[in-house]
Amino acid sequence: MAQNKQLKAEQKWLEATQNKLKKFISSPYWDSIELSDLHFSIVTSIMNTSNVQLLSPSINERVVDILLETIKNKLERAKQNCRTR
């Protein structure tokens, strides 16, 4: 029962992460940012996964939080650069 509850929480985390990434990807500045191959690979893995159990164990909350912060900062910089031009 507790394991089922944890699985539901993890699935909810995956869906919330996918929604954040969808928001970032739909930004008009998405094509202006450069991501490392590793970052791009993580984004692709997350977006192509429908079940949290199929996600690589190396893609954990800490890694994803760092990735999301990196993308957010790069998008902000791209937005600022477009304003100053």
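## Surface

Accessible areas here come from the Shrake-Rupley method with a 1.4 Å probe. On that basis, this predicted model exposes about 6,400 Å². Carbon and sulfur atoms supply 50% of that area.

As for what is tucked away, 29% of the protein's 85 residues count as buried.

## Overall layout

The fold is quick to describe: three helices and zero strands. Starting at the N terminus, the order of elements reads α-α-α.

Now for who touches whom along the sequence. Take the contacts with a separation of 6 or more: 82% of them come from residues 24 or more positions apart.

## The nonpolar core

The largest nonpolar core has 19 residues, and the members touching the most others are L21, F24, I33, I46 and I71. Two or more core residues come from each of α1 (2-25), α2 (37-47) and α3 (61-84). The top contributor is α3, which gives six.

Leaving out residues up to four places away in sequence, I33 touches I71, K74, L75 and A78.

## Charges

If you count up the charged side chains, you find 13 positive and 9 negative. The centres of the two sets lie 6 Å apart.

Notes. Residues are numbered from 1 along each chain as its sequence is written. This is a predicted model: local features need pLDDT of at least 70, side-chain atom pairs count only at pLDDT 80 or more; totals for chains, interfaces and linings use all residues. Side-chain values use heavy atoms; hydrogens and water are left out. A nonpolar core is a set of buried Ala, Val, Leu, Ile, Met, Phe, Trp, Tyr and Cys residues joined through side-chain atoms within 4.5 Å. Buried means under 20% relative accessible area, exposed over 50%, partly exposed in between (1.4 Å probe, protein chains only). Helices (H or I, at least four residues) and strands (E, at least two) are DSSP runs, numbered from the N terminus. Contact means heavy atoms within 4.5 Å. Lys and Arg count as positive and Asp and Glu as negative; His and the chain ends are not counted. The place of a charge is taken as NZ of Lys, CZ of Arg, CG of Asp or CD of Glu.
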